[in-house]
Amino acid sequence: MPVAQRIEELRIELSELSHAVRTPQELMQAMVKLLNERMLKYNWVGFYMLEPGAQPPMLALGAFEGAMTPHTRIPLNQGICGAAASSGLTVVVDDVSKDPRYLACSLETKSEIVVPIFVNGKVVGELDIDSHFPAAFTSEHQELVQHCAMLIGKKLEASGQ
Ligand code: SME
């Protein structure tokens, strides 16, 4: 199946899933599993959420699929994760070995995408995906991951969390 079709099917399935589950946490758990299973180059998929009230602000590892990472808490001035959360912008790194911000999770990781999650216009966390393949996150993949982050933001807003 061509990748564009696989992405379109997954988008629809994830949108349906977001209505079927009760809580944002259930959606996050199901989403990381589905993305990791279906997208063969998404080798590590996980959420980092801002710890409420933490000073300095801190990202904490949430639901994830893939190998355990040494980075369970990341300050906003560190890593690609910190860059995405502090800027509120999607960060795509085609070759992590060339990015001085990169915090290594696995020696096999070659490329990474981090997409912020917004609730009522504020960053509350992010969706982070690592790939063992260089430049895995082309524009169609960026759109899919941004769609996922949007679904989580909407679910969090609806739940009042
Ligand atoms: N690579 C990330 C750290 C998280 S691990 O990839 C799971 C970063 O540079 O912020």
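In this predicted model, the shell around the ligand draws at least two residues from each of strand 1, helix 3 (79-87) and strand 6. Helix 3 hands over the largest share, three residues. Sorted by type, the shell comes out as eight nonpolar, two polar and three charged residues. There are 13 residues around the ligand, and the ones that come nearest are Ile80, Cys81, Leu103, Glu112 and Asp130.

At isoleucine 80, a backbone N or O atom lies 2.9 Å from an oxygen atom of the ligand. Cysteine 81 does something along these lines, with a polar backbone atom 2.8 Å from an oxygen atom of the ligand. Glutamate 112 brings in its side chain instead: an N or O atom there is 2.9 Å from a nitrogen atom of the ligand. As for cover, the ligand taken alone exposes 310 Å², and the protein buries 100% of that.

The structure holds one cavity of 30 Å³ or more, and the space in the largest cavity comes to about 100 Å³. Its lining is made up of 14 residues, with Ile74, Cys81, Leu103, Glu112 and Asp128 closest to the centre. Strand 1, helix 3 and strand 6 are the elements that give two or more residues to this lining. Helix 3 gives the most, with three residues. By type, the cavity lining splits into eight nonpolar, three polar and three charged residues.

Rolling a probe the size of a water molecule over the atoms shows where empty space is left. The largest pocket has a volume of about 240 Å³. Lining this pocket are Gln25, Met28, Met49, Leu50, Glu51, Pro52, Val123, Val124, Leu156 and Gln161. Two or more of the lining residues come from each of helix 2 (24-38), strand 1 (44-50) and strand 6 (122-131). Seven residues of the pocket lining are nonpolar, two are polar and one is charged.

Most residues other than glycine have a negative phi, and most peptide bonds are trans. Against that background, the peptide bond from glutamine 55 to proline 56 is cis, with omega near 0°. Proline 56 belongs to the loop between strand 1 and strand 2 (58-65). The other spot is asparagine 120, a residue other than glycine whose phi is positive, near 50°. Asparagine 120 is found in the loop between strand 5 (111-119) and strand 6.

How values were computed
Residues are numbered from 1 along each chain as its sequence is written. This is a predicted model: local features need pLDDT of at least 70, side-chain atom pairs count only at pLDDT 80 or more; totals for chains, interfaces and linings use all residues. Side-chain values use heavy atoms; hydrogens and water are left out. On a 1 Å grid over the protein atoms alone, a cavity is a set of points where a 1.4 Å probe fits but cannot get out, and a pocket is an open set with protein on both sides within 12 Å along at least five of seven lines; lining residues have an atom within 4 Å of a point. Grid points are joined across faces, edges and corners, and a volume is the space filled by probe spheres set on the points. Helices (H or I, at least four residues) and strands (E, at least two) are DSSP runs, numbered from the N terminus. Ala, Val, Leu, Ile, Met, Phe, Trp, Tyr, Cys and Pro count as nonpolar, Asp, Glu, Lys and Arg as charged, and the others, Gly among them, as polar. A residue is near a molecule or strand if one of its heavy atoms lies within 4 Å of it. A polar contact is a pair of N or O atoms within 3.5 Å; within protein, one must be able to donate a hydrogen and the other to accept it, and residues adjacent in sequence count only if both atoms are side-chain atoms. Accessible areas come from the Shrake-Rupley method with a 1.4 Å probe; for residues, only the protein chains shown count as cover.
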